[in-house]
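Colleague: I am new to this structure. Could you walk me through a few places in it?

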Amino acid sequence: MTLAAYTPRSLPESLAGLISLALDLRWSWHHGGDVLWRALDAETWDSTHNAWLVLNSVSAERMAELAEDPGFLRHYQEQVRAHDAFIHAETWYSKSCPGSLKSGVAYFCMEYGLSECLPLYSGGLGVLAGDFLKASSDLGVPVIAVGLLYQQGYFRQAINTEGDQLEFYPYNDPTMLPVSPLAGEDGQWLRITVPFPGRDIRLRAWKAQVGRCQLLLLDSNDPRNEPGDRGITSELYNGDPEKRLQQEMVLGIGGWRLLRQLNIEPTICHLNEGHCAFALIERALSWQIDHQTDFETARTANRPTNLFTTHTSVAAGFDVFTDSLIKLYVEPWLRGSQLTPERLLQLGKQNGSSAEATGNGPLNMAWLALNMSGRVNGVSRIHQEVTKAILQPFFPRWPADDIPAGYVTNGIHTPSWDSPESDAIWTRACGKDRWRRPLLHTCPMADIPDADLWAMRLAQRTRLIHYLRKRLASQHCRQDTVHGAVKDQAAACGLLLDNETLTLGFARRFTDYKRPDLLLKHEERLVRMLDNRDRPLQIVLAGKAHPYDERGKQLIKRWKQFSRRPEAQGKVIFVEDYDLGIATQLVQGVDVWLNCPRHPWEACGTSGMKVLVNGGLNLSQHDGWWAEAWSSDVGWAIRPGASFDELENSDRYDEDDALELYEILEHEVIPEFYQADQDGLPRAWLKRIRASMDQLTAAYSANRMVREYIDAFYLPMVALGQQRTPEVAAGLVREYWEIDQHWPKLRFRAVNMDESEGMQTYTVDVYLDGVAEHRIGVELVAEESEYGPRTVTEMAMKYALSGSSHGFVYQCAVPARPEGHYTPRLRLKDQRLSLPMENPSIAWLN
Ligand SMILES: *Cc1c(COP(=O)(O)O)cnc(C)c1O
């Protein structure tokens, strides 16, 4: 379609500012403008939360009327002024470290969850990317994000009367989405192309404004593309590997080309998962052209400023493409460049840096990302360990402890998840704007009286139930009518759930490892809790199963069937089509959020963080973020002591977890919730809410997460990257090519140990085969044992052996341990490199 079709409607002069207000997704978390959107079209606003759609659905007559309405004009002008002030305000970044990220950060991700009206996400990864972007806006961090504009996105879910999941792919008309087309200087679409076999794919580009940040979105639905190619950006995760490769090429290659066309030269390139690794290749290729170098120099020059964040918990979770598919697809792209398809395939292997790598066999997107990045991180403390284990093949002969995977625990964008009630309480406790600056200390939530906290909880729960009754009038009650059980829909829905009852929430992807059926292991025990007259429990569930995940679909069916049992009717509710809108309602209203993934499969988990600000409590597996956050005064953990080893018997493991879950509910959660004093207040529960809000809300916010990425990753990466001039990079390539030739010959020739007074002095004689000794680190390693913790001690070079060619003597003294506990090793040592990422060469005394 021509760009003219997407030109915004003309508005009365006096209301022209509505366009930029409506196109800034800030309205998805900042509610100052709600009154405007509601005045324009309350019904559309309430049902879609899409200000752009609201603006475009108002008739010209109504618009003219509003342009004369003093009340509306006053609100409008206030909002325009406020938005202006927001754009120009000082921010945390502009005050505390302005300019330190140079030209900023490009953030690549396959999906973004910003609002339910921009359905470009499937779950946790996308919501995290959306929250990252919103928090970057709050802090004023120069981030520009790149993604795909899916015409259909992830499937929409309905569930039939049998409990089977039905999948729908409604078309998202881009004119209805809060995005605007990106035009070139000629006023027509920006022209981005990606070469494919026998054709060039034409891409259109869109912009979503996210406060101070932008999300650029590519789509291939240009009528001049072949029909199949127009559909590259239609569905998210549709399962076809070739389509997937096409999408990843469009995102990575097209994404980087788009930035170039806009003259954006980001200093940092941050990959949120390996799907977008082609961006790093395209970055190196374009740098190579600019600087007239070879590809390896370009790769070396850019590597320190590329960051790879992985959210994967099993090696099988990484995308892998066959070499025949890769060769077919990358050949047209790489034609004329110095990078051959064979070399690209090498870089997609665990030993891609070494001479042993071949140009055959599949390409793994995670290895490609690693071979192109200077740093890598997981997304929780536990996930850091898991990541080290997964990355082990990339670092042959390195102990897991020394594998350079860092971690930044995920966080959520607090202002997107709080309720009006909790917002009011927090404003009382710590003032306005609290989420936009670092919250270092806990807020004085202690000053908020118990009665007010409890009133907040009741109001939130009541609002959730009201929402569910309305929503389910078209779902649950309708179905019962079909079955002839209940005639009157309104009455049926009026009986759903109860405002005073302890409400448990469980919502996430329905897939085996998340164990959504854990609570159903002993159905009768659950029924007794639901059916308890004095201290009842009610449960709200939601979640989609991937279209190919039969097991996940069965789990949904199981819950649907369970919810039909007479004892569960009106007390167990499954809400269809889980999305950001439903998530927002659930995390505000539920008392307890349940998460019970099978350890250690949950990389981090974020949904439980969303209840913190609202005074909801977590009952969760001791895994992911909860393993860091949990203490007995803030919530409940399922089996904190359990270890990985038990995984070998997963049935037994599941059973033990289920039993503990029932115990916690029956003996701790339910009694504490209903244990009210003479004022009707459950004091112990309220104390727990206060502790959870105080201790965890700021710590698990995206605000904290973004600042941690800056301090621990971006800033050191910028510093290292700055030293990597084209000359330095070329020198490094030459020098390390040499070192790699010598490396197989480096060895230990003799080791001696003297012991006295509890100390051992190790002396080693090493042969360096011509490698400069200042490039070599000799270390003495002892693993943890009964004799002490793990230690890595740098040995000092004493002298060169005169009688030998390139032999050196190194020495160090360490506390005595039995023979065989200390082992010397050789590795590279170079301040100019990120090691061992950039060169994992290592040699042990054998
Ligand atoms: C937060 C969120 C998720 C992630 O939930 P997890 O518990 O981390 O799996 C998934 N989907 C939606 C809609 C969310 O809001």
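Colleague: Where is Arg-639 placed, and is Arg-639 buried or exposed?
Modeller: This is a predicted model, where local features need pLDDT of at least 70, side-chain atom pairs count only at pLDDT 80 or more, and totals for chains, interfaces and linings use all residues. Residues are numbered from 1 along each chain as its sequence is written, and side-chain values use heavy atoms, with hydrogens and water left out. Arg-639 sits in the loop between β22 and α26; helices (H or I, at least four residues) and strands (E, at least two) are DSSP runs, numbered from the N terminus. Its relative accessible area is 14%, and under 20% is buried, over 50% exposed, in between partly exposed (1.4 Å probe, protein chains only), so Arg-639 is buried.

Colleague: What is the phi of Arg-639?
Modeller: Most residues other than glycine have a negative phi. Arg-639 is not a glycine, yet its phi is positive, near 50°.

Colleague: Is Glu-757 buried or exposed?
Modeller: Glu-757 lies in the loop between β23 (747-756) and β24 (759-767). Its phi is also positive, about 50°. Its relative accessibility is 81%, so Glu-757 counts as exposed.

Colleague: Which strands stand at the edges of the sheet of 6 strands?
Modeller: The sheet is open, with parallel pairing, in the order β19-β18-β17-β20-β21-β22. Two strands pair if DSSP finds at least two bridges between them. Each edge strand has a single partner, so one side is left without a neighbour in the sheet; these are β19 (572-575) and β22 (636-638).

Colleague: Which residue of β22 is the bridge partner of Gln-621?
Modeller: Strand β21 (residues 617-621) runs parallel to β22, and 3 bridges join them. The partner of Gln-621 is Ile-638.

Colleague: How do α9 and α12 lie to each other?
Modeller: The axes of α9 (residues 241-261) and α12 (residues 323-334) come within 11 Å and cross at roughly 25°. Axes are lines fitted to C-alpha atoms, for helices over the stretch in contact (heavy atoms within 4.5 Å), and angles run from 0 to 180 degrees between N-to-C directions. Under 35 degrees counts as roughly parallel, over 145 as roughly antiparallel, 65 to 115 as roughly perpendicular and the rest as oblique. The two helices are therefore roughly parallel.
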